[in-house]
Amino acid sequence: MEDTAPNQSVIIMTGMHRSGTSLTASLLQSAGIDVGDRLMGKNTGNDKGHFEDLDFVEFHQSVLRSQGISVAGWTEQNKIQVQQQYLAKAQNLILARKELAIWGWKDPRTTLFLDFWSQLIPNAKYIFIYRSPWEVIDSLFRRGDVVFRDNPNFAVQQWCNYNQAVLDFYQDHRDQSLLIEIGSVIQNCDLVELIKQKFDLELRSPESLYEPTLFTVDSNAYYRKALISQFFPQAIDIYSQLEQQADRSSPISLEQPAVELTQAWILQDWIDLKRALSEKRKAETELTQAQQQLESLTQTQQQLDATTAQLTQTQQQLDATTAQLTQTQQQLDATTTELTQTQQQLHIAQDQLSQSQKQLHIAQMQTEQYKLLVVAMESSKFWKLRKWWFDVKQKSNVAAVDTLYQNYLISHNKLPSLEQAAMVNIDGEIPVSDNLQYQKWLVGNYPKSAEIKKMKQACLAKAYQPLISLIVPVYNPDEDFLRQAIESILEQAYTNWELCLADDCSSKPHVKSVLEEYARQDDRIKVVYRAKNGHICRTSNSALELATGEYIALLDHDDLLPPHALAKVVELLNEHPEADFIYSDEDKVDEQNIHKDPFFKPDWCPDSFLARMYTCHLGIYRRSLVTEVGNFRVGFEGSQDYDLVLRVTEKTDKIFHIPDVLYHWRIHRQSTAATSDAKPYAANAAQKALTEAIERRGEPGKITTRSNFPGVYTVRYQIKEPKLVSIIIPTKDLASTLDVCLKSIFTQTTYPNYEVVVIDNGSTEAETFKCLQFWHQQQPKRFSCHAYNVPFNYSEINNYAVKKAQGDYLLFLNNDTQVITPDWLEGMVEQAQRPSIGAVGSLLLYPDDTIQHAGVVLGVGGVAGHSHKHLHVSQPGYISQAASTNNYSAVTAACLMCRREVFAAVGGFEEQLAIAFNDVDLCLKIASRGYRNIYLPHVVLYHYESKSRGYENTPEKQMRFAGEINYMKEKWQQICDRDPCYNPHLTKNHEDYSLNV
């Protein structure tokens, strides 16, 4: 393959392990060769590091592992055949470095892959480093490689294996290779000059990055050389060939030394000698340490004598003080007993008050339900007939007992059911809500004690039971809220957790006593007390330092977890152990523990997250990933979770959502949950986190806020190049409607580079031709019109229009729209230019300023429906959904932009869908290619809806519409049933995001 740029040079450094390849790589790195930015660190035998690019090391290891070979490369093969499935990964490693002028890597395992890499990078240059077998083997033994302890001869075999592979390759590729003995590199220091001369490379003079003593041969070298010479002639033969062919060889003599040898176990005496020398050095070290300890002990004894005299004097003073302390302690014990009794009485009173308030609330709800029952009864046919009959009886003076009337009622009518009257049966195990619909959801979905017990047993049977560390920063919480928070952890059905609490110098005395009480009660509870107040980021990091779990969960000191929260998390992890980040739905709980404001969230939508911190609670993170991104960052207080998720999700796409309420966010006067004004600095921190995030991602822009929608942020990206936008408008007659649309485009639009392409689908009215001629005269360079007289087929007309359009960006626009925001095209191009974005939609309004389109939700009404239809534009919608930028599975083509190549890649509009759902089908095809579709609330148009084609009010149209519904259900049934951008607990019957109960 053509894998590198024409002027790019690739240098591959390899040879047998322990031969000096790390020294060589360090020198060449200093000389200007990029050897990678993710290098293996130092360890035994390589104090300065291995200089091995871990990308290539891991690639070689994965291939070796797949073939059952040691990942160190210890094998009798000297050529590894690489399976086809690894080819793309190797190519990606090369392509990732295409911008580098001179680069390469060092990994001894490469020796086994020389044929593979030479085919993949035909122009690569090779530097082979070798070293005598007795020096390499001695180095392996000194490093203590386990594989050679039971079979020391295997080390010699490996040396032969690797160096034979080097010889074979070098003989066939001399023009691309240098063969050098490491001793010559140390003595002559001319390696870089050799490379520059042979390969014609521009390299600088390297710094001296090695210590020659690392390669010093000790007095036993002759003995080792004799062992190799006598018992391993193959190694000596290969070494001789290396010396003869090398570009720089060693001055070492190959004459066999005169040493008497035995062959009991060829290299066992070598090992014994190393062991004896090691034991000698250890004994000498221990002797030196003992002498030092003796000197220290003598000095300590003198200090002890002086201290003993002082201690005697101090003891006398202590005895007198103890007597006084005993008397004070007795008084304190009496006072403590009284205080304990008072606190117990107070807790009992508080519990009774809380229970009373809960019962009162239940009674109030039941009163409301009975009112509903009365309304239902009075609106029934039975009640109306009864009222009519009583009126007749009163006017006619009919007797009170009327058997005929009673028999008729009994045989023809029934009282309305409790279900029809929206009754909710609440027992003590179900949380209480002040919202009737949410109360019904809780009754149907919140687990009772019997279900929790089953969950606990199921958790114990799970194959994967990771430790979850709950991270809780603590600062002056209400005592009752703090206790409830900790108790909610103790009540978890899943028990393999640890609670890591960090107190940020709380000034309220009850905090420390409560924390210490629970720490004594359960050894899974860990507490650290900070010496200095540091705010939430430093405190959260202090709690993180206590954590040992594979995953962490974030919990505020006054919030609650339902008892099944962690069990649900572990249930997901057993299905998806690869998960790096998990979040759930949530609600709020007030000071009386009344639940409200449930937030049922979509699955992971990256652009929605840039508009608002919607993942929030419950958040579960892989701890190693949190550590990798630097934990919580000081300076982002108030939005520290937002900043963390932004950084974590840049490192992984293994993100999962649990559609269940697994977190209860406490509402009180100072909490962010109660009001966005509680912590105004949080908004500033969020803007800072978002600004840094888009800069890191290479998509710079500006973060703006909307004062009437707190917590909502809009990213306005920099437009890299204002490419041509083709605005495509199909039309037929209705000249006044079309004229309003065209006038708004030409008078409002501030984007500099656009054209308007009108497709006339069989107009017959003179006013229409007059309108088209007028705009052609007014905008001769921007405006064009093309006739396309076919039976109306929206998909076919637009596909034809694309062929006539010249733009890089295609904007499909209805003729019954009117532009409101002048920078509408800028807003859409900002998003459409991004490689991750497919279709871009806008906010469309009815003339009365209520919403016609704010994104498309699949499954609503059968196939699809418009989000928040008929909501006034001044309202934020469900948790600011309508007011914020959001990912949707689809957007309407009444105003839809995409890049031309995206449109072409999916085959354009489906012409089988002549009228309805063609835009939904287009968006779903785009999404299936991995693109994200997006809705922009800051791009606003009026939409007068369906003026051109009218309504579905004829049998022919209705039959066609039914066919298009069937087409969509057959093709997209799965995503219609479960729209990832919409929560399954929200209704499919309405477009208002109400609950599905």
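The model is a predicted one. Of the 997 residues in the protein chain, 50% are buried. As for secondary structure, the protein chain comes to 30 helices and 26 strands. Contacts along the sequence can also be sorted by how far apart the partners sit. Taking the contacts in the protein chain with a separation of 6 or more, 78% are between residues 24 or more positions apart.

Two helix pairs give a look at how pieces of the chain pack. Helix α1 covers residues 21–31 and helix α8 covers residues 191–199; these two pack at an angle of about 65 degrees, and their axes are 10 Å apart. With angles of 65 to 115 degrees counting as roughly perpendicular, α1 is therefore roughly perpendicular to α8. The crossing of α1 past α8 is right-handed. On the α1 side, T24, L28 and A31 make the contact, and they meet L191, V192 and I195 of α8. Sorted by class, the contact of α1 with α8 has 5 nonpolar residues, 1 polar residue and no charged ones.

The other pair is made up of α5 (residues 133–143) and α6 (residues 153–172), which pack at an angle of about 130 degrees with their axes 10 Å apart. From α5, the residues in the contact are P133, V136, I137 and L140, while α6 brings in A155, V156 and W159. The contact of α5 with α6 holds 7 nonpolar residues, with no polar and no charged ones.

Being buried here means having under 20% relative accessible area. The buried residues of α27 are W824, L825, E826, G827, M828, V829, E830, Q831 and A832.

Finally, a few spots in the backbone deserve a look. Most residues other than glycine have a negative phi, and most peptide bonds are trans. Against that background, H617 and L618 are joined by a cis peptide bond, with omega at about -10 degrees. L618 sits in the loop between α20 (606–611) and β11 (619–622).

Positive phi values turn up as well. L734 is not a glycine, yet its phi is positive, at about 50 degrees. This leucine, L734, belongs to the loop between β15 (725–731) and α24 (735–748). The relative accessibility of L734 is 31%, so L734 counts as partly exposed. Y993 is also a residue other than glycine with a positive phi, in this case near 65 degrees. Y993 is found in the segment after α30 (955–977). With a relative accessibility of 6%, Y993 falls under the 20% cut-off and therefore counts as buried.

How values were computed. Residues are numbered from 1 along each chain as its sequence is written. This is a predicted model: local features need pLDDT of at least 70, side-chain atom pairs count only at pLDDT 80 or more; totals for chains, interfaces and linings use all residues. Side-chain values use heavy atoms; hydrogens and water are left out. Axes are lines fitted to C-alpha atoms, for helices over the stretch in contact, and angles run from 0 to 180 degrees between N-to-C directions. Helices (H or I, at least four residues) and strands (E, at least two) are DSSP runs, numbered from the N terminus. Contact means heavy atoms within 4.5 Å. Ala, Val, Leu, Ile, Met, Phe, Trp, Tyr, Cys and Pro count as nonpolar, Asp, Glu, Lys and Arg as charged, and the others, Gly among them, as polar. Buried means under 20% relative accessible area, exposed over 50%, partly exposed in between (1.4 Å probe, protein chains only). Angles under 35 degrees count as roughly parallel, over 145 as roughly antiparallel, 65 to 115 as roughly perpendicular and the rest as oblique. A crossing is left-handed if the near helix is turned anticlockwise from the far one by less than a right angle, and right-handed if clockwise.
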